[in-house]
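The sequence and structure come first.

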Protein chains: 2
Amino acid sequence: MGEPLRVALAGLGTVGGGVVRLLGTNRELIARRAGRPIEVVAVSARDRTKDRGFDLDRFAWHDDTAALTRIDGVDAVVELVGGADGPALTLARGTLAAGRHLVTANKAMLAHHGLELAASAERAGRALKFEAAVAGGVPVIKGLREGAAANAILRVYGILNGTCNFILSAMEATGRDFADVLAEAQARGFAESDPSFDIDGIDAAHKLSILASIAFGTRPAFGSVEAHGIRQVLAADIAEAAALGHRIRLLGVAEESAQGLFQRVHPHLVPLDHPLAHVAGSTNAVVAEGNFVGRLLFQGAGAGDGPTASAVVADLIDIARGEWGLPYAMPAAALTEARPVDSGARRARAYLRFAVADRVGVLAEIAAAMRDAGVSIASLTQREAAADGTVLVAIVTHEGPERSVAAALERLRGSQSLAGQPLWMPILA
Amino acid sequence: MGEPLRVALAGLGTVGGGVVRLLGTNRELIARRAGRPIEVVAVSARDRTKDRGFDLDRFAWHDDTAALTRIDGVDAVVELVGGADGPALTLARGTLAAGRHLVTANKAMLAHHGLELAASAERAGRALKFEAAVAGGVPVIKGLREGAAANAILRVYGILNGTCNFILSAMEATGRDFADVLAEAQARGFAESDPSFDIDGIDAAHKLSILASIAFGTRPAFGSVEAHGIRQVLAADIAEAAALGHRIRLLGVAEESAQGLFQRVHPHLVPLDHPLAHVAGSTNAVVAEGNFVGRLLFQGAGAGDGPTASAVVADLIDIARGEWGLPYAMPAAALTEARPVDSGARRARAYLRFAVADRVGVLAEIAAAMRDAGVSIASLTQREAAADGTVLVAIVTHEGPERSVAAALERLRGSQSLAGQPLWMPILA
């Protein structure tokens with residue numbers, strides 16, 4: 001049994017508490033598997049007096065998070081403070097500059113500063129590991145960086161936000177509307193009081209940009225992720241999708257082509273014969289398509305103290321074993337600058353839903369706009385009037401470029417026939 | 001860019017050919033990701049003259065597989081010869097004894113000789129890696145050894161044999177019977193001409209014993225895996241399972257408890273809300289349940305040249321990066337000897353199917369045997385007579401110990417009412 005790996009832990013919220021509990025409960029097993037014990041020796045958090053269900057006295061306490069970078073004998077710092085900048089970034093920079101390993105669950109920081117931190121880890125010859133930053137407990141960073149490393153990745157996509165999947169699954173199961181389910185999720189602690197990072201797709205976009213870097217060897221490019229959320233999805237859309245043999249899932253999709261790198265978070269229709277259609281609740285799932293391996297799927301709990309702690313400690317075990325390397329597999333300087341590709345040229349079948357006034361001529365107007373924009377309609381259904389007198393029209397298009405659909409919607413903009421914004425969703429192929 | 005990793009490759013069948021093609025097609029990408037090129041320098045196979053679609057002249061050819069252990073400058077040997085013993089084992093032993101890394105896809109050899117080979121790799125300070133031995137292209141060895149390393153694993157189970165899953169899925173989709181679908185699978189090359197290793201569960205048992213060792217830190221114990229196959233599954237069972245909201249899948253299940261280690265391959269009824277119910281065709285999928293991470297799922301192609309080559313080359317990339325350690329995560333001497341647990345004490349809901357003579361009193365006889373053995377019946381259905389005049393009776397039991405069901409079947413043994421062997425299948429919980 002070797003010397004312990006000595007860890008300083010910044011942040012004792014849900015995940016930090018989970019890490020302390022996990023390292024306690026599985027202490028002996030981890031020492032056997034890692035070849036040496038993993039010990040938390042110092043912690044930092046906002047409030048020392050808060051009851052966290054475990055004894056803080058065995059750890060050296062630091063009010064100042066940044067002090068964790070200066071403790072003698074610490075091998076690795078675990079950053080669970082959160083936030084793209086501020087104390088988290090100061091700690092991350094300081095840790096690597098001081099020649100210690102860094103483990104973080106901070107997707108926002110990685111999406112914005114991942115390249116800088118990777119270069120710093122490389123200079124220091126230390127690990128920068130972030131399994132917990134994407135898909136919680138699911139080892140998808142490892143799956144891409146190592147498991148699928150022999151493949152050119154054609155596309156990586158998946159369900160990256162548990163809150164959104166929980167809401168969409170609950171809408172599906174109960175027939176209730178978005179606002180209603182969100183309110184309940186908030187009341188039960190499954191959604192933040194300010195849920196916009198989750199439900200507007202920002203959190204998934206952070207994660208997608210991290211996955212894309214590893215999959216394609218490109219510099220993190222969060223700024224070029226198109227992020228859309230699920231606020232516009234109606235219970236009626238979910239019912240309509242079901243009638244079409246599909247479920248609605250918020251997917252992050254990254255795809256590399258000769259044109260460049262496409263990255264988008266958007267609700268999609270997912271066919272029932274695709275495994276992502278069967279991912280319910282707050283579960284996350286990521287698909288990677290490789291040129292030799294075909295389609296790989298990684299699935300599991302996307303959040304929560306236990307699963308996220310599992311990923312954090314897996315990183316520490318890799319470090320304890322000495323089985324770690326460059327954060328993005330290749331040197332930071334070797335990551336390429338990917339040209340962002342917009343969605344206009346992408347070809348897909350799509351779902352379109354309009355809320356329209358219940359009167360003669362509306363369908364003809366929509367159909368004419370589609371025809372004029374060159375959008376070919378595969379099916380059209382019109383559902384009975386809602387309480388407010390509007391009718392829902394759902395259209396499935398044949399495969400075609402997204403810009404044609406955008407042009408059709410542009411033609412209809414401001415039409416007196418439409419009540420509210422139409423909703424467009426691609427159908428996953 | 002570092003020195004190349006120089007590889008000798010034994011076996012140029014489907015997988016070996018895939019490895020050569022993959023290392024050619026993705027050559028530059030792999031060098032970028034591994035930090036150094038990976039080069040095949042020598043090969044050995046049965047027949048030099050066979051057309052494999054690529055040029056053999058760039059490799060040093062050896063008729064004698066064992067000669068690959070003696071080539072100067074070779075860093076790693078890839079063993080794709082197959083077979084638990086014989087030339088594969090000679091090569092594996094010789095490679096590690098000569099201080100070279102070994103990568104193998106040989107589940108039978110690992111199931112029987114994994115402990116010895118791991119100890120040998122440990123002594124030599126070299127890698128023994130075998131990602132391709134379980135679930136083809138799916139990085140589940142890595143997922144357990146590293147991704148889930150922070151967890152006590154409670155149970156590991158999954159679809160480990162693509163041929164069986166292909167047959168069961170095809171029976172499900174077409175309503176045809178086992179023998180019929182098998183014959184077609186053989187004609188189309190999806191099943192071996194001697195399919196018993198696959199359809200009798202031996203191949204899955206090899207893989208299960210490997211997963212169990214890594215999950216539980218136990219010595220490989222292939223001898224204590226209960227192996228059952230899918231020959232007894234009728235189209236009528238699949239229809240009956242569907243009516244009950246389930247699909248039939250051949251699962252390998254390994255579970256550790258205070259009593260010891262339980263390992264079994266058996267067809268199961270899988271409920272439709274479980275992801276394994278949606279795994280169709282030759283896809284493999286493995287679930288690991290950890291005490292912190294909860295349920296992790298790894299899924300992808302379980303066989304074929306591309307996926308298997310992807311796993312072999314992932315192992316080589318780990319070696320090229322220097323990111324590898326002990327084969328079973330802990331020293332071979334530290335693996336524990338697990339006490340085998342038989343199935344009698346296991347509690348499960350179960351499906352039972354009897355082919356019975358179409359006459360009065362048969363159901364009463366079955367029901368009495370159940371009652372006398374203490375088996376509680378949850379539902380019973382009787383389907384119309386088959387062409388041969390037999391009727392199928394399907395029973396679902398309440399949860400209870402398996403030994404009670406075995407006792408009930410024992411009571412019915414030799415009954416004039418039964419036509420053929422009853423089929424028992426546990427329902428996955």
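## Model and confidence

The structure is a predicted model, and the predictor assigns the complex an ipTM of 0.97 together with a pTM of 0.97. For chain A the mean pLDDT is 95, with 100% of the residues of that chain at 70 or more.

## Symmetry of the two chains

Chain B is superposed on chain A by a rotation of 180 degrees with 0.0 Å of shift along the axis, and the RMSD is 0.0 Å. The two copies are thus related as by a two-fold rotation axis. Among the residues of chain B, the one that comes closest to this axis is Glu323(B), whose C-alpha lies at 2.2 Å.

## The contact between chains A and B

Chain B contributes 46 residues to the contact and chain A contributes 46 residues. On the side of chain B that touches chain A, the elements giving two or more residues are α2 (27-34), α5 (140-147), β12 (294-301) and α11 (305-321) of chain B, and the largest share, nine residues, comes from α11(B). By class, the residues on this side of chain B comprise 24 nonpolar, 14 polar and eight charged.

Because 100% of the interface residues of chain B are also interface residues in chain A, the copies meet through the same surface.

## Helices α3 and α4 of chain B

Within chain B, the axes of helix α3 (residues 86-97) and helix α4 (residues 107-124) come within 9 Å and cross at roughly 15 degrees; α3(B) and α4(B) are therefore roughly parallel to each other. Their crossing is right-handed.

From α3(B) the contact draws on Ala88(B), Leu89(B), Ala92(B), Arg93(B), Leu96(B) and Ala97(B), and from α4(B) on Met109(B), His113(B), Leu117(B), Ser120(B), Ala121(B) and Ala124(B). By class, this contact of α3(B) with α4(B) has nine nonpolar, two polar and one charged residues.

## Helices α4 and α9 of chain A

In chain A, helix α4 (residues 107-124) and helix α9 (residues 202-216) have axes that come within 8 Å and cross at roughly 50 degrees, and α4(A) and α9(A) are therefore oblique to each other. The crossing of α4(A) past α9(A) is left-handed.

Here Lys107(A), Ala108(A), Leu110(A), Ala111(A) and Gly114(A) of α4(A) meet His206(A), Lys207(A), Ser209(A), Ile210(A) and Ser213(A) of α9(A). The contact of α4(A) with α9(A) divides by class into four nonpolar, four polar and two charged residues.

Definitions and conventions
Residues are numbered from 1 along each chain as its sequence is written. Chains are lettered from A and ligands numbered from 1 in the order in which they are written. This is a predicted model: local features need pLDDT of at least 70, side-chain atom pairs count only at pLDDT 80 or more; totals for chains, interfaces and linings use all residues. pLDDT is the predictor's confidence in each residue, from 0 to 100. Copies are superposed by least squares on the C-alpha atoms of residues with pLDDT of at least 70 in both. Two residues are in contact if their C-beta atoms, placed from the backbone, lie within 7 Å. Axes are lines fitted to C-alpha atoms, for helices over the stretch in contact, and angles run from 0 to 180 degrees between N-to-C directions. Helices (H or I, at least four residues) and strands (E, at least two) are DSSP runs, numbered from the N terminus. Angles under 35 degrees count as roughly parallel, over 145 as roughly antiparallel, 65 to 115 as roughly perpendicular and the rest as oblique. A crossing is left-handed if the near helix is turned anticlockwise from the far one by less than a right angle, and right-handed if clockwise. Ala, Val, Leu, Ile, Met, Phe, Trp, Tyr, Cys and Pro count as nonpolar, Asp, Glu, Lys and Arg as charged, and the others, Gly among them, as polar.
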